Amino acid sequence: KKHVLRIYTSSIMPRLASTRRLGHAYKSGVFHHSHGHRPSIIRTQPLSISSLSSVCFSSSSLDQSQSRAQSPLYASYAKIKAHAKSENSGGATATGAAPLLSSASPSPLLKHLDLLNDDNSLKTVDWSDWNTLRELYNRANLYYIQDFCADFAYQHANTAIIGRDFVKRTNYMLVKTNTGGKNNRGLLHIVSLALLRQHQNERMTATDLHNAFTVALCIEALQSFFLVMDDVVDQSVTRRGQPCWYRFPGVGLKAVNDGPIIEAWLFWLINHRMIFDGDMVLMDRLNELFREVNLLTLAGQATDLELVKEADKMRQVYTIDRYETIAMYKASFYTFYLPYAAALYLAGYNDKLDWSESRLRKDLKLEHNGADDDEEQVLDDGFLFHVCRQLSIDMGIKFQIDDDYLDCFGDPQVTGKDGTDIQDFKCSWFVVKALELMNDEQYEVLKQHYGKHDADDVQRIKKLYEELKVEQVYKEWETDEHEKLMTLVSQCEGILPTQMFTVILDKLH
């Protein structure tokens, strides 16, 4: 024991100054498990240096349970356990903590949206009415922003600077960066889940709609995260009809820190406001999906930023293959695949299951005939994710090209933003197509004026596009591409509800 004590003394004494920080941490609060298993903060008594030292250096604390019970470490954790037990039993609701969510209890979100009957069943919702869905989404958005900020303030109530000042600014930031958009990605997810339930001959439940709205908020939050960061990099001027967030008074480069806060908010929604009913597999799949799509999109953005922006190399670098690769990673996965894949997970499909366990096999009533090369075994749940992924890639590339059109030829009063692709030397579809059509003399004009911020330079590039009839080329391509996509979608009949894809393709056409 003396030998052990001597080791403790030699290793800890030189770092006694750090115990002041540890004591301050306990004064502010320590981690506890709210909502059953999730870390948050509970206020405790401060842990003094002397009491900490007595725990570290007293040999009796190593072998006597009575000493352990008297230690501040033991006492503080006992309070944590008691508080967690109170919250899980619903006793903490009055103090501000949210009760444990489950299908057995009415959804607080749906109650707020007035979507529940007196018996807590789901009211009738017209899934084809996007305007009504958008109104409900906007209300859910503000509800969850307030919910997040209130929960954070409650968990950190003992640290006024964080619990008050940070929360106040974060609430303002989330409202300004997560409102004003069309929210088509989030609405596509909600509608897709409703269509999948119809395809399964099942009714949309209150839990389904609660989770669908929550995931829709996460999808749009991811979009806002990308836009906040992208606007700083591109030095854009307007977004959604208002100045870009970094251009708000007092924001500037603080926006670089605000982006990850938005990202943290979306994962808080997944892990704290979804109704999983103990299905940790679903929880893991959604977390994995959002992290994968986040990385893929950032990879596309990084590839776009790393492009060589030298006029003399445009013909070698600005190719259609490079453009489509960047568009696929920047737009396809989070704009289309994410809403579809999340809806498949919520509908009970799992791309990690074997064919024998897949829901699709049961939906199609397929039976194994005993052959090793049974073609029907291809039709497992993973096939649905593959179909959605392939269609999403094609739809995403088309979506990005349409966006490039609006950037160059759209009315800022309608689009809500000023186009900057020409000024920013972007590898847009229109400059790629112009490079394919122009002669050497026109190439010299492009090199002289492309990537310049002067209004005369921008107009000269647009005049060059007009000479090359690039806008007409786009309109002909758009019509052909829409027909090709609709033909591809028709091949999904019987496997997936084709309206999942046509409902958004019709809006893009």
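In this predicted model, Asp 151 is buried, because its relative accessible area of 10% falls under the 20% limit. Its salt-bridge partner is Arg 273, at 4.0 Å from N to O. Arg 273 is also buried, with a relative accessibility of 5%. The pair links distant parts of the chain. Asp 151 belongs to helix H7 and Arg 273 to helix H11, 122 residues apart.

Arg 273 also meets Asp 147 in a salt bridge, with an N to O distance of 2.6 Å. Asp 147 sits in helix H7 (residues 130–155), and Arg 273 in helix H11 (residues 255–273). Here the separation is 126 residues. Both partners are buried.

A further salt bridge joins Asp 234 and Lys 426, whose closest N and O atoms are 3.2 Å apart. Asp 234 lies in helix H10 (residues 206–234). Lys 426 lies in the loop between helix H17 (412–415) and helix H18 (429–437), so the bridge ties together parts 192 residues apart in sequence. Asp 234 and Lys 426 are both buried. Elsewhere, salt bridges with shared partners join Arg 197, Glu 202, Asp 208 and Arg 359 into one network. The count of salt bridges comes to 22.

Helix packing was examined for H16 (residues 381–409) and H21 (residues 470–490). Their axes come within 11 Å and cross at roughly 155°. H16 is therefore roughly antiparallel to H21, the angle being over 145 degrees. The crossing is left-handed. Contact residues include Leu 391, Met 395 and Tyr 405 of H16, and Tyr 474, Trp 477 and Leu 485 of H21. The contact residues divide into 10 nonpolar, one polar and seven charged.

How values were computed
Residues numbered from 1 in each chain as written. Predicted model: local features only at pLDDT ≥ 70, side-chain atom pairs only at ≥ 80, totals over all residues. Heavy atoms only, no water. Axes fitted to C-alpha atoms, helices over the stretch in contact; angles between N-to-C directions. Helix = DSSP H or I, 4+ residues; strand = E, 2+ residues; numbered from the N terminus. Parallel < 35°, antiparallel > 145°, perpendicular 65-115°, else oblique. Left-handed = near helix turned anticlockwise from the far one by under 90°. Contact = heavy atoms within 4.5 Å. Nonpolar A, V, L, I, M, F, W, Y, C, P; charged D, E, K, R; others polar. Salt bridge = Lys/Arg side-chain N within 4 Å of Asp/Glu carboxyl O. Buried < 20%, exposed > 50% of the residue type's maximum accessible area, 1.4 Å probe, protein only.
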